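Okay, thanks everyone, let me get my slide up.

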Amino acid sequence: MIPSVLFVCLGNICRSPLAEAAFRAEASRLHLDVVADSAGAGDWHTGDPPDRRAQATALGHGIDISSCRGRQVKAADFRRFTHIVAMDTENLANLHRLAPADATAELSLMLDHAGRPGQSVADPYYGDDAGFEVTWSDVSAGAAGLAQTLRARRP
Ligand code: 4NP
């Protein structure tokens, strides 16, 4: 089965689109077949493109995320994806609350995959542009660790 990973943050316009982009890039580098998507806990940014600072940060690392559109996480995601990766501990607690009884997805925190278990990717939304580089660095570390784990598990 091809691993399918949903990255979840609060608004789905800053951290999770960057996480999705970093993971796609890392999986491609490892020649790993994956499905990746992102979603938000809230619905404020449904249909919106990523925050312009997130778009600029991704572009600075060679990735165009302008076609991403925000959406809210839904019950079917817990059956459709093999992995759901939360950006912070609040997102993770929210996902545990939302998970239907027949959920099959494995839930984790992004930084669990970066050797920083239990830590959160800080929300850069209310900060300055420099915060987005920290986000990129965090999600890249998590994406690299997750992609390596999935490669090691490949049948
Ligand atoms: P994200 O950042 O969860 O990394 O996408 C946020 C974006 C928007 C809001 C909060 C966090 N907001 O409140 O609209």
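I'll go through the ligand site, then the pocket, then the salt bridges. Keep in mind that this is a predicted model.

So, the ligand. What sits around it? The shell is made up of C9, L10, G11, N12, I13, C14, R15, H45, D123, Y125 and Y126. By class, that shell splits into six nonpolar, three polar and two charged residues.

On the backbone side, G11 puts an N or O atom 2.8 Å from a ligand oxygen, and N12 has a backbone N or O atom 3.2 Å from an oxygen of the ligand. H45 comes in with its side chain instead: an N or O atom there is 2.9 Å from a ligand oxygen. And how much of the ligand does the protein bury? On its own the ligand exposes 350 Å², and 91% of that is buried by the protein.

Next, the largest pocket, with a volume of about 220 Å³. Its lining includes M1, I2 and P3, along with L32, D33, T82 and H83. E106, L150, R153, R154 and P155 are also among the lining residues. That lining counts six nonpolar, two polar and four charged residues.

Opposite charges on side chains can pair up when the charged atoms get close. The count here is 11. One of them joins R53 and D51, at 2.9 Å from N to O, and both of those residues are buried. Another links R79 with D102, also with an N to O distance of 2.9 Å.

That's what I had, happy to go back to any of it.

Notes:
Residues are numbered from 1 along each chain as its sequence is written. This is a predicted model: local features need pLDDT of at least 70, side-chain atom pairs count only at pLDDT 80 or more; totals for chains, interfaces and linings use all residues. Side-chain values use heavy atoms; hydrogens and water are left out. A residue is near a molecule or strand if one of its heavy atoms lies within 4 Å of it. A polar contact is a pair of N or O atoms within 3.5 Å; within protein, one must be able to donate a hydrogen and the other to accept it, and residues adjacent in sequence count only if both atoms are side-chain atoms. Accessible areas come from the Shrake-Rupley method with a 1.4 Å probe; for residues, only the protein chains shown count as cover. Ala, Val, Leu, Ile, Met, Phe, Trp, Tyr, Cys and Pro count as nonpolar, Asp, Glu, Lys and Arg as charged, and the others, Gly among them, as polar. On a 1 Å grid over the protein atoms alone, a cavity is a set of points where a 1.4 Å probe fits but cannot get out, and a pocket is an open set with protein on both sides within 12 Å along at least five of seven lines; lining residues have an atom within 4 Å of a point. Grid points are joined across faces, edges and corners, and a volume is the space filled by probe spheres set on the points. A salt bridge is a side-chain nitrogen of Lys or Arg within 4 Å of a carboxyl oxygen of Asp or Glu. Buried means under 20% relative accessible area, exposed over 50%, partly exposed in between (1.4 Å probe, protein chains only).
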